[in-house]
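Here is a briefing on one predicted model. The sequence and structure come first, then the main points by topic.

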Amino acid sequence: MKQSELFTKTSKLPPKDEEAVNAKLLTRGGFVEKMSAGVYAYLPLGQRVLSKINQIIREEINAIGGQEMLMQALVAKEYWEKSKRWHTDVAYEFKSPFGEDIGLGWTHEEVITSIATHFINSYKDLPLAVYQIQTKFRAEARAKSGILRGREFSMKDLYSFHTSVEDLNVYYEKVIKAYHKIFKRVGLKAKLTEASGGAFTKDYTHEFQVPTPVGEDTIVYCVSCDYCQNKEIALVRGGNLCPKCNGEVKEEKAIEVGNVFRLGTRFSEAFDLKFTNDKGEKLPVVMGSYGIGPTRVMGTIVEVYNDANGIIWPEAVSPFKVHLLGINKSAEAIYKQLVKGLPASGVEGVEVLYDDRDTSAGAKFADADLLGITWRAVVSPKTGDKIELKRRDSDKAKLVGIKELLKL
RNA sequence: CGGAGAGUGGUGUAAUGGUAGCAUACACGCCCUGGGAGCGUGCAGUCCGGGUUCGAAUCCCGGCUCUCCGACCA
């Protein structure tokens, strides 16, 4: 991709109506555009990041048997009424032009449970897990923190169906493992945190919390073992001794990037989702639901990885692998080789954003830092027939040949 | 939903009752070229509706929008 052809441009100054670091940097870089409070458009660069996050999620959820699907956003009142979740304070509810009562989907337990009644009949059908990556709508009283708390946001929601709580628990642990892999792959250090279930279940649940000062939640955790609880339910405070191992307990702000809920039979009973066991008895299906917010993950990454000059994307979610800068010299030939690879040698091309703009060197360097693409490749009279390669998260640059660049 | 603050070219700002100015972006020309260079020309603005006044970006009333704090919440 040539930067001169990119839909967006960068801006030197952040918009005056954004305070959050993620919103400032993402807006300056042209990743997102705020359209209303808590409502953002994801521009080509932002969409590329989001796609990479989504792809990582897909790979890990598919690996634990999740089947991807897509549910509707327009959810009729009858579904919400069955589970007594019509008229919640987070739902966008309205009358359609045909007089129907509609609630925009803010979660999909009702929908998936209703669908599942058509396909789950026997214990032989279970267990099952399906998921979607879709836009959710929540009437947040106060949208804030850029893309961290929006009224419209992306969510990967996974639902699992089981014959027993024991079987649910087995899958629950699998999901936790998969989530750890996902967050690790996108570059986040998420702590498994015990918490309350909110609108979803009365049971205790688990959240994945990324410690950072801008977080809305507070977690209480032990520095010596894996004890970690949301402050809402924790019986100890920072400075106390760990209830599990007597280690030192700390308190820290954190962003919730994922959660897992044991729903039990709440929704299967509401929707009469039953299976027949091997004795011919009809029993309610045991369910779990598991969420990750890709847009929130993106915002969290920016909050965690940035410096005075801009974003520092972890390589796995960088919108491009290489940012190629031609300084006082065209890098067109290098660009073509990077895109096409070296056909004779079988080396494939790499994903590259080529700054071919007729602008100053300083502007190009500044934009490269702001956009935060992992590898910066500079071609200039100084570099001769080599290319200067530098990681965004490092100060060390080295001169390499085209082959080395293609191997990134 | 309570409280506080703010709306001026695309973006960021100045003007506090009296000529709407600057920067940046954009267009054209010149010049320059390793950390957001320079010169010239051009394009472009007071959130909406009322009111006060000879005169309103500025004061008053209403509305809309955004941000922050709180409550709530992935």
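Of the 93 residues in the largest nonpolar core, the ones that touch the most other members are I53, V186, V257, V322, L324 and A377. A nonpolar core here is a set of buried Ala, Val, Leu, Ile, Met, Phe, Trp, Tyr and Cys residues joined through C-beta atoms within 7 Å. Buried means that 20 or more other C-beta atoms lie within 10 Å of a residue's own; exposed means 12 or fewer, partly exposed is in between, and C-beta atoms are placed from the backbone. Helix α5 (residues 165-186) gives this core its largest share, eight residues. Domain 1 (3-307) and domain 2 (320-406) both contribute residues, so the core lies between them.

This is a predicted model: local features need pLDDT of at least 70, side-chain atom pairs count only at pLDDT 80 or more, and totals for chains, interfaces and linings use all residues. Residues are numbered from 1 along each chain as its sequence is written, while chains are lettered from A and ligands numbered from 1 in the order in which they are written.

**Core and domains**

- A377, one of the core residues named above, touches V322, H323, L324, L325, I387, E388, L389 and L405, leaving out residues up to four places away in sequence. Contact means C-beta atoms, placed from the backbone, within 7 Å.
- The contact between them takes five residues from domain 1 and eight residues from domain 2.
- On the side of domain 1 that touches domain 2, there are no nonpolar residues, four polar and one charged. Ala, Val, Leu, Ile, Met, Phe, Trp, Tyr, Cys and Pro count as nonpolar, Asp, Glu, Lys and Arg as charged, and the others, Gly among them, as polar.

**Overall build of chain A**

- Chain A has 10 helices and 23 strands. Helices (H or I, at least four residues) and strands (E, at least two) are DSSP runs, numbered from the N terminus.
- The radius of gyration is 24 Å, close to the 22 Å from the globule rule for 408 residues, so chain A is as compact as a globular protein of that length. That radius is taken over C-alpha atoms, and the rule is 2.2 Å times the number of residues to the power 0.38.
- The C-alpha trace spans about 80 × 55 × 45 Å along its principal axes.
- Buried residues make up 41% of the 408 residues.
- Among contacts with a separation of 6 or more, 68% join residues 24 or more positions apart.

**RNA strand B**

- β13 (249-264) and α9 (361-371) each supply at least two of its residues. The largest share, eight residues, comes from α9.

- G30 follows α1 and has a positive phi, near 80°.
- Q3 sits in the segment before α1. Q3 is buried, with 22 other C-beta atoms within 10 Å.
- Q3 and D355 are 352 residues apart along the chain, yet their C-alpha atoms are separated by 4.9 Å.
- Beyond its neighbours within four places in sequence, Q3 contacts L353, Y354, D355, D356 and R357.

**Backbone points to check**

- Most residues other than glycine have a negative phi, and most peptide bonds are trans.
- The peptide bond from L126 to P127 is cis, with omega near 0°. P127 lies in the loop between α4 (109-116) and β7 (128-137).
- S145 has a positive phi, near 55°, and is not a glycine. S145 lies in the loop between β7 and β8 (152-162), and is buried, with 22 other C-beta atoms within 10 Å.
- N246, also not a glycine, has a positive phi of about 65°. N246 lies in the loop between β12 (228-230) and β13, and is exposed, with 12 other C-beta atoms within 10 Å.

Conventions. Two residues are in contact if their C-beta atoms, placed from the backbone, lie within 7 Å. Domain bounds come from an automatic or database domain assignment.
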